[in-house]
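Visitor: I am new to this structure and would like a close look at a single part of it. Please take me through that part slowly.

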Amino acid sequence: MANQRIDLDLHTKQLSEYQKHSKRKTEEFREQSKAIKEHIQSSSQSREEAIAKEIAELKQLTKRHVSFEE
């Protein structure tokens, strides 16, 4: 075993391929993470806008109801 030669060129090539693969995967994960964050933010804003609209409608209905009773 100790006398076996190590093919440094092959090792370097394999290491380089692994590093490229890791870099691609890391970039894919970053892009996915960014897309998820943007989606969550967009969904959150949409929900907030819907709730604000609903609150405004309820206030209007309450004002109308109060003015009818007076």
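Visitor: Does Arg-30 count as buried or exposed, and what is its relative accessibility?

Guide: Arg-30 counts as exposed, because its relative accessibility is 54%, and the cut-off for that word is over 50%. Please keep in mind that this is a predicted model.

Start with the partner of Arg-30. The side chain of Arg-30 meets the side chain of Glu-27 in a salt bridge, with 3.9 Å from N to O. The limit for such a pair is 4 Å. In general, side chains of opposite charge can pair when their charged atoms come close. Both Arg-30 and Glu-27 belong to helix H1, where they are three residues apart, or about one turn of the helix. Glu-27 has a relative accessibility of 37%, so Glu-27 counts as partly exposed, whereas Arg-30 counts as exposed.

The structure holds two salt bridges. Besides the pair of Arg-30 and Glu-27, there is a salt bridge between Lys-25 and Glu-28, whose closest N and O atoms are 3.7 Å apart. Lys-25 and Glu-28 are also three residues apart in helix H1, so about one helical turn separates them.

A polar atom of the Thr-26 side chain lies 2.8 Å from the backbone oxygen of Ser-22. The relative accessible area of Thr-26 is 35%, so this residue is partly exposed.

Now step back to the whole chain. Its secondary structure comes to one helix and zero strands. The radius of gyration is 30 Å, well over the 11 Å that the globule rule gives for 70 residues, so the chain is more spread out than a compact globule. Along the principal axes, the C-alpha atoms fill a box of roughly 100 × 20 × 5 Å. Of the 70 residues, 1% count as buried. The chain exposes about 7,300 Å², and carbon and sulfur atoms supply 55% of that area.

Arg-5 is placed in the segment before H1, and Arg-5 is exposed, with a relative accessible area of 81%. From Arg-5 to Gln-32 there are 27 residues along the chain, and the C-alpha atoms of these two are separated by 43 Å.

To return to the part you asked about: Arg-30 is an exposed residue that forms a salt bridge with Glu-27, about one turn of the helix away.

Key. Residues are numbered from 1 along each chain as its sequence is written. This is a predicted model: local features need pLDDT of at least 70, side-chain atom pairs count only at pLDDT 80 or more; totals for chains, interfaces and linings use all residues. Side-chain values use heavy atoms; hydrogens and water are left out. Buried means under 20% relative accessible area, exposed over 50%, partly exposed in between (1.4 Å probe, protein chains only). A polar contact is a pair of N or O atoms within 3.5 Å; within protein, one must be able to donate a hydrogen and the other to accept it, and residues adjacent in sequence count only if both atoms are side-chain atoms. Helices (H or I, at least four residues) and strands (E, at least two) are DSSP runs, numbered from the N terminus. The radius of gyration is taken over C-alpha atoms; the globule rule is 2.2 Å times the number of residues to the power 0.38. Accessible areas come from the Shrake-Rupley method with a 1.4 Å probe; for residues, only the protein chains shown count as cover.
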